[in-house]
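User: Hi! I'm new to this one and would like a quick tour. Could you walk me through it?

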Amino acid sequence: NAIRTGGIMFIISFIGTAVTPIIAKKVNGVRRWIHIFGFTLQFSEFLKTFINFPVTYFLIQNKHKYNIILILICAFLCVIQPDLGMTFLLGVHSFSLVLFHGDNIKFYYNIMIIIGIFIVLSGIFLAHYAIRRVKIFFGKESGFQVNRSLLGIANTSLFSGIGNTYIPDSHCDFIFSATCNYFGIIIGLYIIMIPMVILYQIYKYRENLDTRELLIVFGLCFQILIQSYFHILSNLAIVPTKGVTLPF
């Protein structure tokens, strides 16, 4: 039942992501959010998670060409919004399942090169805001959000924070920094450890799951890990900011 529900959720999120560039209002030069019954939804957030289910199905059925087509279409839907961060997360999540499954790896390596070129070329769509973030990362321009994030963490003690430091998007893009500000560095370190603990539990109890269950659980947990660390590293200015949130 859980797998069937996951498949249905993938179809819904796929359709929602596909229609987003058509019906969504443009906000800051991008079309990512749809307003439904008073809620604002970003369907690509669901897509990058629930793609886990069809990718697992195609891997088990050895339908690798269908898998590649699916991943490329989903990546394209994220690019045209445009959303390079979501494209990156979706691609890494999908290919982590491929590597974990370990079948027909050489075929996927060649496709990964093509997708890498595809993401680079997609910079044409993303240049209006992505280039500035890269310049900020390399110190060519000043970045207010990143500077406030680093300032807040630098002035936080181990066991207590300094409260609200007026970090922009502290409810979304800078959750890790804001959490350290309020609760201290120790809690920040605890957040860093959580994804690794989750993956260890999967490794510990892997023999209790069949191949399909193991792939699904691993994919979901690895997606949490890669998104968490991308968010944390961007808050620490180790990688360019890409508007990636911290998973709940």
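**A first look around**

Analyst: Happy to! Keep in mind that this is a predicted model. Let's start at V55, which touches N67, L70, I71, S94 and L97, leaving aside residues up to four places away in sequence.

User: Which residues have the most contacts inside the largest nonpolar core?

Analyst: They are F10, I51, V55, L70, C74 and L90, so V55 turns up again, in a core of 33 residues. In soluble globular proteins, nonpolar side chains tend to be buried together.

User: And which elements give two or more residues to this core?

Analyst: Helix 2 (43–50), helix 3 (52–60), helix 4 (64–79), helix 5 (84–101), helix 9, helix 10 and helix 11 (211–235) do. Helix 11 gives the most, with eight residues.

User: Let's zoom out. How many helices and strands does the protein have?

Analyst: There are eleven helices and two strands. From the N terminus on, the order is α-β-β-α-α-α-α-α-α-α-α-α-α.

User: How much of the protein counts as buried?

Analyst: Of its 248 residues, 43% count as buried. As for contacts with a separation of 6 or more, 64% of them are between residues 24 or more positions apart.

User: Back to the start of the chain. What is the reach of helix 1?

Analyst: Helix 1 covers residues 2–23, which is 22 residues, and reaches 31 Å from its first C-alpha to its last. That is close to the 32 Å expected at 1.5 Å a residue.

User: Which residues of helix 1 are buried, and what do they pack against?

Analyst: The buried ones are G6, F10, S13, G16, T17, T20 and P21. They pack against strand 1 (34–36), helix 2, helix 3 and helix 4. F10 is also one of the residues with the most contacts inside the largest nonpolar core.

User: Strand 1, you say. Is I34, which sits there, buried or exposed?

Analyst: I34 has 7% relative accessibility, so it counts as buried, the cut-off being under 20%. Residues up to four places away aside, I34 touches G16, V19, T20, I23, A24, F39, T40, L41 and F43.

User: How far is I34 from I23?

Analyst: Their C-alpha atoms are separated by 7.4 Å, and the two are eleven residues apart along the chain.

User: New topic: two asparagines. Where is N52, and what does N52 touch?

Analyst: N52 is in helix 3. Because its relative accessibility is 0%, N52 counts as buried. Not counting residues up to four places away in sequence, N52 touches H93, L97, L215, I216, G219 and L220.

User: And where does N62 lie?

Analyst: N62 lies in the loop between helix 3 and helix 4. With 48% relative accessibility, N62 counts as partly exposed. N62 also has a positive phi of about 60 degrees, although it is not a glycine.

User: Last one: how do the axes of helix 9 and helix 10 cross?

Analyst: The axes of helix 9 (residues 175–183) and helix 10 (residues 185–204) come within 7 Å and cross at roughly 140 degrees. The two helices are therefore oblique to each other.

User: Which residues make the contact?

Analyst: Helix 9 uses F176, T179, C180 and F183, while helix 10 uses I187, G188, I191 and I192. By class, that contact has six nonpolar, two polar and no charged residues.

Definitions and conventions: Residues numbered from 1 in each chain as written. Predicted model: local features only at pLDDT ≥ 70, side-chain atom pairs only at ≥ 80, totals over all residues. Heavy atoms only, no water. Axes fitted to C-alpha atoms, helices over the stretch in contact; angles between N-to-C directions. Helix = DSSP H or I, 4+ residues; strand = E, 2+ residues; numbered from the N terminus. Parallel < 35°, antiparallel > 145°, perpendicular 65-115°, else oblique. Contact = heavy atoms within 4.5 Å. Nonpolar A, V, L, I, M, F, W, Y, C, P; charged D, E, K, R; others polar. Core = buried A, V, L, I, M, F, W, Y, C linked by side-chain atoms within 4.5 Å. Buried < 20%, exposed > 50% of the residue type's maximum accessible area, 1.4 Å probe, protein only. Expected span 1.5 Å × (residues − 1).
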